[in-house]
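Take a look at the chain below.

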Amino acid sequence: MLTSVIIPAHNEEKYIQAVIENIRKVSLPQETVREILIIDDGSTDSTRNILNSLKSSPDIKVIHH
């Protein structure tokens, strides 16, 4: 089973890493795969750079809009 968490983000440099960490802490049933989709809606702060550094994680997918 796949569980997708979709996070819209705009200028969230102060909070985005904590949000992702908290999502990862949530226990899921056995055999459930977690996917975190983050949609950056044109951030003008460091959100884009932070998200780009997280893209190598297998459970995170980033879309820049």
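Predicted model: local features only at pLDDT ≥ 70, side-chain atom pairs only at ≥ 80, totals over all residues.

Strands E2 and E3 (residues 60-64) pair in the parallel sense, and five bridges join them.

E2 (residues 33-40) has another parallel partner: E1 (residues 2-9) is joined to E2 by eight bridges. Here serine 4 has glutamate 35 of E2 as its bridge partner.

The two pairings are set out below.

| Strand pair | Direction | Bridges |
|---|---|---|
| E1 and E2 | parallel | eight bridges |
| E2 and E3 | parallel | five bridges |

How exposed or buried is E2? Strand E2 is mostly covered, with six of its eight residues buried.

Helix H1 (residues 16-25) forms a right-handed β-α-β unit with E1 and E2.

Next comes a single residue. Threonine 47 lies in H2, which covers residues 47-54. Is threonine 47 buried or exposed? Its relative accessible area is 0%, and buried means under 20%, so threonine 47 counts as buried.

Which residues does threonine 47 touch, leaving aside its neighbours within four places in sequence? The contacts are Ala9, Asn11, Glu12, Glu13 and Asp40. Among them, Ala9 falls within E1, residues 2-9. Asp40 falls within E2, residues 33-40.

Notes:
Residues numbered from 1 in each chain as written. Heavy atoms only, no water. Helix = DSSP H or I, 4+ residues; strand = E, 2+ residues; numbered from the N terminus. Buried < 20%, exposed > 50% of the residue type's maximum accessible area, 1.4 Å probe, protein only. Contact = heavy atoms within 4.5 Å. Pairing = 2+ DSSP bridges. Right-handed = clockwise from strand over helix to strand, strands pointing away.
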